[in-house]
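Good morning, and thank you for coming.

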Amino acid sequence: MGASSTSERLTTALQEISSNVRNMKQMEYFVLCRRTNQIKEELRQGVRKSYREVIDVSWGDPHRAGVKPLSFVRQVLAACLYPQLMDGDKLMGDVKERAQRLLRTCAGGSVGSYSDIAGIPQIVQSVSEYIVRRDGGVPCHPKNIYITPGSQWALTNILKVLVNSEASPRTGVLIPVPCHSTTIISLTALGAVAVPYYLREERSWALEVEELQRALESAKGVCNPVALYIINPGNPAGYVQSRKCMQEVIRFAAEKKLFLLADEVYQDCVYGKESEFVSYKRVLAEIGAPLSDTVELASFHTASKGLMGECGLRAGYVELVNLDPAVMKYIHKLFSTNTCPVLGQIALDVMVNPPQPGDPSYPLYLKETQHIRASLAENVRRVEEVINSIPSFSCQSLEGGAFAFPRVFLQPKAIERAKEAGLQPDTFYCMRLLEEAGVLFSPGTEYGQKEGTYHIRFCIMTPTDTMEEILKRLSTFHKQFMKEFS
């Protein structure tokens with residue numbers, strides 16, 4: 001009777017699950033992740049393979065990939081966690097000063113305390129001042145900034161405000177293809193329709209307004225588009241938008257009355273010779289009135305990405321521009337459900353206020369950040385060089401972000417074998433690469449791609465020797481794979 005009762009409860013719970021949650025697509029990456037864990041266990045048990053360890057570059061996680069944390073960041077965090085460290089002489093004076101100042105902003109002088117809903121006021125102010133510097137003096141008001149447990153959390157909650165799950169037709173959001181999978185999953189969970197607009201791969205993943213117009217037309221009778229989601233610099237494709245492109249996008253959003261969602265988390269990772277990062281807020285301000293006073297914009301940034309790479313601390317922020325005060329009240333209510341951990345906020349403060357010339361910690365900070373930038377630049381050069389030399393591969397020029405997203409031209413026999421295995425063709429390719437070469441990539445199907453094309457994504461923020469090993473293993477594997485299915 002007990003077992004029957006339990007079964008009935010579980011059945012009832014299953015029936016009550018939201019249809020939106022039911023519609024969430026399981027990521028193909030999980031199949032690869034599960035097999036990765038099995039292989040790691042096999043290696044621990046002494047099973048012989050052609051490699052000694054699995055290299056995982058499927059995540060945008062620099063530390064996981066072997067990049068060392070920045071000393072100043074970790075020292076400030078350590079001092080805030082255990083203030084007694086400041087009693088000795090092991091920490092630089094500016095580290096102690098920063099930690100003491102930050103602890104004074106914490107309730108009870110402890111990082112274990114709660115913070116205000118929008119974040120610790122002094123850190124919110126620091127973020128505001130950073131944005132003003134970044135945007136060449138464009139005003140930024142602290143009241144429009146919310147520090148959040150990650151930029152993705154902020155994006156999802158802004159989407160909750162924009163998406164009416166009871167509306168008919170359903171709410172639509174224009175999203176780029178390719179687009180990182182968590183946003184697609186969030187939209188599905190909220191009951192929204194993801195309206196794809198395709199970036200032009202053959203033009204280095206260019207965003208074209210004509211394609212935005214096509215996407216909008218395709219939504220007629222299907223959904224009511226309310227927002228346009230932009231990723232700049234790109235993820236998974238490594239593009240950086242030009243000012244001209246951004247101006248066209250803003251004018252399009254204004255004309256079509258679309259809310260602009262600007263995912264700018266890789267703004268510190270720009271390495272294209274003729275590329276530069278400019279925020280959507282700055283370009284909007286440069287356009288001037290009436291657009292600068294009317295286009296609604298949410299801009300996202302985080303301490304998880306870029307040179308800092310503190311993914312596990314889950315700290316980001318969103319700045320809201322031109323929102324109605326009545327809407328801001330609802331956002332405040334929604335954001336009050338979860339505040340960013342204080343430790344993450346401290347990391348964010350260090351990100352927006354790094355050591356400056358003349359500070360005791362500056363020489364080491366400069367050395368470490370220059371090393372990361374130099375390694376990234378070398379990896380970009382080698383990835384483009386090696387990938388484009390491999391038959392049946394094509395990699396567009398990498399300008400920014402943390403990933404390469406090359407296209408792989410798979411043979412009909414390989415595609416047929418993938419179908420027999422119940423896998424998407426690029427997932428099948430990644431699975432074979434994992435099994436035979438011990439390298440974990442993500443398949444392009446996770447991010448969206450034009451029908452009939454296949455891609456792989458991998459993080460390029462690694463030590464240079466790690467990237468060389470990855471490219472060596474990939475080249476050897478691909479030659480054998482293509483021969484097998486020729």
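A residue is called buried when its relative accessible area is under 20%. Please keep in mind throughout that this is a predicted model. By that cut-off Tyr-146 is buried, because its relative accessible area is 4%. Phe-335 is buried too, with a value of 1%.

I begin with these two residues as a ring pair. A pair of aromatic rings is described by the distance of the centres and the angle of the planes. There are 13 aromatic pairs in the model. For Tyr-146 and Phe-335, the ring centres are 5.0 Å apart and the planes meet at 65°, so the arrangement is edge-to-face. Where do the two residues lie? Tyr-146 belongs to strand 2, residues 145-148, and Phe-335 to helix 13, residues 325-335, so the pair ties together parts that are 189 residues apart in sequence.

Next, consider Phe-393 and Tyr-429. Their centres lie 6.3 Å apart with the planes at 75°, so this pair is edge-to-face. Phe-393 is in strand 9, residues 393-394, while Tyr-429 is in helix 17, residues 425-437, so the parts being tied together are 36 residues apart in sequence. Phe-393 is buried at 7% relative accessible area, and Tyr-429 is buried at 0%. Both residues take part in a cluster linked by ring pairs, together with Phe-428, Phe-477, Phe-481 and Phe-485.

That brings me to the nonpolar cores. The largest has 95 residues, and those touching the most other members are Val-383, Tyr-429, Phe-441, Phe-458, Ile-460 and Phe-481. What does Phe-481 contact, leaving aside its neighbours within four places in sequence? The partners are Leu-410, Gln-411, Ala-414, Phe-428, Tyr-429 and Arg-432. There is also a second, separate core of 61 residues, with Tyr-197, Leu-207, Tyr-229 and Leu-261 among them.

The charged end of Arg-457 sits over the ring of Phe-403, at 3.7 Å from the ring centre. Likewise, the charged end of Arg-64 is placed over the ring of Trp-59, 4.4 Å from its centre.

Let me turn to the backbone. Most residues other than glycine have a negative phi, and most peptide bonds are trans. Which peptide bonds are cis here? One joins Val-177 and Pro-178, with omega about 10°, and Pro-178 lies in the loop between strand 3 and helix 8. Another runs from Asn-235 to Pro-236, with omega near 15°; Pro-236 is found in the loop between strand 5 and helix 10.

Two residues other than glycine with positive phi deserve mention. Ser-204 has phi near 60° and sits in the loop between strand 4 and helix 9, partly exposed at 22% relative accessible area. Arg-314 has phi of about 50°. Its loop connects strand 7 and strand 8, and Arg-314 is partly exposed at 38%.

Finally, the chain as a whole. It comprises 18 helices and 14 strands. For 486 residues, a compact globule would have a radius of gyration near 23 Å, and the 24 Å of this chain agrees with that. Buried residues make up 54% of the chain. Of the contacts with a separation of 6 or more, 72% involve residues 24 or more positions apart. The accessible surface comes to about 22300 Å², with 52% belonging to carbon and sulfur atoms. I welcome your comments.

Methods
Residues are numbered from 1 along each chain as its sequence is written. This is a predicted model: local features need pLDDT of at least 70, side-chain atom pairs count only at pLDDT 80 or more; totals for chains, interfaces and linings use all residues. Side-chain values use heavy atoms; hydrogens and water are left out. A nonpolar core is a set of buried Ala, Val, Leu, Ile, Met, Phe, Trp, Tyr and Cys residues joined through side-chain atoms within 4.5 Å. Buried means under 20% relative accessible area, exposed over 50%, partly exposed in between (1.4 Å probe, protein chains only). Contact means heavy atoms within 4.5 Å. Rings of Phe, Tyr and Trp (its six-membered ring) pair if their centres lie within 6.5 Å; planes under 30 degrees apart count as stacked, over 60 as edge-to-face and the rest as tilted. Helices (H or I, at least four residues) and strands (E, at least two) are DSSP runs, numbered from the N terminus. A charge sits over a ring if NZ of Lys or CZ of Arg is within 6 Å of the ring centre and within 35 degrees of the ring normal. The radius of gyration is taken over C-alpha atoms; the globule rule is 2.2 Å times the number of residues to the power 0.38. Accessible areas come from the Shrake-Rupley method with a 1.4 Å probe; for residues, only the protein chains shown count as cover.
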